[in-house]
Amino acid sequence: MHASTPSASCQPIETGERTPHVRNCVGSPLESRANRVTDAGGEASRPEPSPAKGTAPPSPARGARPALLVGAGILVSRIFGLVRSRALAFYLGSTDAADAYNAALRIPNVVQNLFGEGALSAAFIPVYAGLLAEGEREAADRMAGVIGTLLALVAAAIVLAGVLGTPLMIAVIAPGFSGEKRELTSRLVRIFFPGIGLLVMSAWCLGILNSHRRFLLSYSAPIVWNVAIIAALVMQGRQADLSKLAIAAAWGAVVGSALQFAVQLPTVARVAPGVRLSLRTATGGVRTVTRNFIPALVSRGAVQISAWVDTIIASLLPTGATAALGYAQVIYTLPVSLFGMAVSAAELPAMASVRGAEAEVAAALRSRLGGALRHVAYFIVPSAVAFLALGDVVAALLYQTGRFGRGESEYVWAILAGSAVGLLASTMGRLYSSAFYALRDTRTPLRFALARIALTIVLGYVFALPLPRMLGIEPRWGAVGLTASAGIAGWLEFVLLRASLRGRIGAVPLPSAYLLSLWAVALLAAGGGWAVKLLVGTRSPALTGLTVLPAYGGIYLLSTLALRIPEATGLVARVARRR
């Protein structure tokens with residue numbers, strides 16, 4: 001994408017209301033107000049220099065490298081996450097201890113996702129990256145120092161409240177647990193909380209590193225968190241007392257949280273040497289970040305909040321449902337993280353740095369967003385079809401070992417099939433939300449996220465509990481209804497986001513014919529995968545997975561190359577250049 005040369009410099013107006021358009025261009029009646037930063041008392045500070053004319057986001061060729069770095073970091077991190085999940089499946093299976101561990105682990109997962117890839121990124125990066133784009137490095141570092149101090153205080157409060165209030169939280173985390181299972185969950189939650197504070201500070205490091213385009217380290221840092229848990233399980237050994245194994249893994253998570261924060265600090269100090277801890281909240285940009293944080297917390301965290309709701313409802317289902325839901329979530333969040341999160345994380349700083357006249361900014365955002373949506377759809381569509389048609393092969397390859405048998409693989413497959421309903425909508429929704437955050441508008445995504453969460457709660461309860469009874473099936477299959485209902489709610493949020501953004505910057509090009517081609521090719525590839533599956537059988541999960549899945553992916557790639565889909569030819573060209 002090559003944006004036209006802007007004739008004027010524009011910035012979104014940083015007010016408490018939703019920014020209707022990007023209007024405050026140099027030379028416009030709003031220029032004097034747009035180029036001023038107000039402090040906490042409402043007094044205007046010195047004017048900030050306007051960005052140079054012609055500033056525009058990089059072209060897709062230049063913008064592909066950040067997304068590739070984010071994807072590489074997430075890929076390696078997620079691979080270690082899958083190894084961690086496999087270790088947990090091997091040692092704990094789908095027992096009460098596994099249910100307790102997965103329910104308790106939901107808290108650090110939600111906090112990490114909300115603060116790291118969620119609220120902090122959405123509220124902090126646009127402001128921090130904007131200051132860097134304008135050459136205000138000292139102001140950017142001062143603002144980052146204040147935000148870091150505020151986060152440290154918030155983290156301390158979270159840890160204290162969590163440790164003291166754990167018994168009260170169990171009723172919210174797992175209302176269906178009782179007896180020893182409930183007591184173990186309570187103990188695990190109390191252990192996890194010190195690590196949560198460290199994860200919050202790790203998210204602050206991520207925001208700084210991403211703004212400086214240091215994507216690989218920030219998204220690969222969770223590797224050490226996964227390794228610490230795996231090491232704790234291995235050192236404890238496969239013993240009869242599953243509760244001790246779960247507790248050892250929880251302490252491993254705390255150690256991993258400290259390591260994840262520590263490995264990022266040296267690079268943060270190098271790229272932002274002016275960062276100093278401070279409580280000067282009147283520093284320029286701090287008010288904008290704090291004001292946008294809560295709306296971003298809910299809107300960006302809608303997926304995590306929905307997953308938390310699923311865990312709560314799953315605790316009311318028979319033993320094994322919470323653990324199976326946790327194992328499935330690790331799998332179906334993988335493509336969202338690899339492609340949706342990677343692209344949106346790379347696009348957010350670039351879109352936030354766009355400057356120009358209103359029409360030029362809108363054109364630049366449409367072009368970037370349209371290309372990103374095509375890229376995401378190319379990978380997410382086959383992921384959804386694989387979960388629907390070949391989910392048992394995926395689950396068996398990753399988990400079927402030790403206490404995790406064929407029956408558990410098929411159970412996880414059913415849950416994955418439910419997740420396929422909204423996989424594409426949830427992933428593309430992240431990109432639309434990033435466009436709103438780049439416009440400094442966190443309130444519009446907030447409203448739609450609240451609608452999604454409300455629908456998730458209602459449909460999740462109906463699909464998971466009353467519906468299985470009405471259909472006369474086993475209650476444990478209600479877990480499938482949880483992921484399917486979350487997918488339906490994800491489509492609602494996506495439609496609302498797309499319609500609202502169209503009114504702001506115009507329609508974003510994503511041809512229906514392109515999507516139909518991807519779905520048709522993915523279904524064709526699934527047929528080929530099934531043929532290979534029937535040929536090799538399912539007795540050996542490794543053999544089945546390592547033959548069926550490459551066949552599926554190969555048929556999809558070759559078919560899209562035959563159709564000359566640009567994303568396929570571009571992928572092959574990049575691989576060829578690297579070789």
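Me: Is Lys533 buried or exposed?
Reply: Lys533 is buried, with a relative accessible area of 8%. Keep in mind that this is a predicted model.

Me: Why does 8% count as buried?
Reply: Buried means under 20% relative accessible area, so Lys533, at 8%, falls in that class.

Me: Which side chain does Lys533 meet in a salt bridge?
Reply: Asp392. The N to O distance is 2.5 Å.

Me: How many salt bridges does the structure hold?
Reply: It holds 9. One of them joins the side chains of Arg374 and Glu567, at 3.1 Å from N to O.

Me: Where are those two?
Reply: Arg374 is in helix 13, residues 358-399. Glu567 is in helix 21, residues 566-578. This pair also links distant parts of the chain, 193 residues apart.

Me: Are Arg374 and Glu567 buried or exposed?
Reply: Both are buried.

Me: What about Arg476, which side chain does it meet?
Reply: Arg476 meets Glu474 in a salt bridge, 3.4 Å from N to O. Arg476 counts as partly exposed, at 28% relative accessibility. Glu474 is partly exposed too, at 48%.

Me: New topic. How many residues does helix 18 have?
Reply: Helix 18 has 28 residues, 478-505. From first C-alpha to last, it reaches 41 Å. That is close to the 40 Å expected at 1.5 Å a residue.

Me: What follows helix 18?
Reply: Gly506 does. Its phi is positive, near 100°.

Me: Now the surface. Which residues make the nonpolar patch of about 300 Å²?
Reply: Leu75, Val76, Ile79 and Val83 make it. Val76 lies in helix 2, residues 60-92.

Me: How accessible is Val76?
Reply: Val76 has 36% relative accessibility and counts as partly exposed.

Me: Why can residues three or four places apart in an α-helix point the same way?
Reply: An α-helix has 3.6 residues a turn, so residues with that spacing face the same way.

Conventions: Residues are numbered from 1 along each chain as its sequence is written. This is a predicted model: local features need pLDDT of at least 70, side-chain atom pairs count only at pLDDT 80 or more; totals for chains, interfaces and linings use all residues. Side-chain values use heavy atoms; hydrogens and water are left out. Helices (H or I, at least four residues) and strands (E, at least two) are DSSP runs, numbered from the N terminus. The expected span of a helix is 1.5 Å times one less than its number of residues. A salt bridge is a side-chain nitrogen of Lys or Arg within 4 Å of a carboxyl oxygen of Asp or Glu. Buried means under 20% relative accessible area, exposed over 50%, partly exposed in between (1.4 Å probe, protein chains only). Patches are made of residues with over 30% relative accessible area and no salt bridge: like charges are joined within 9 Å, nonpolar side chains (Val, Leu, Ile, Met, Phe, Trp, Tyr) within 5 Å. Accessible areas come from the Shrake-Rupley method with a 1.4 Å probe; for residues, only the protein chains shown count as cover.
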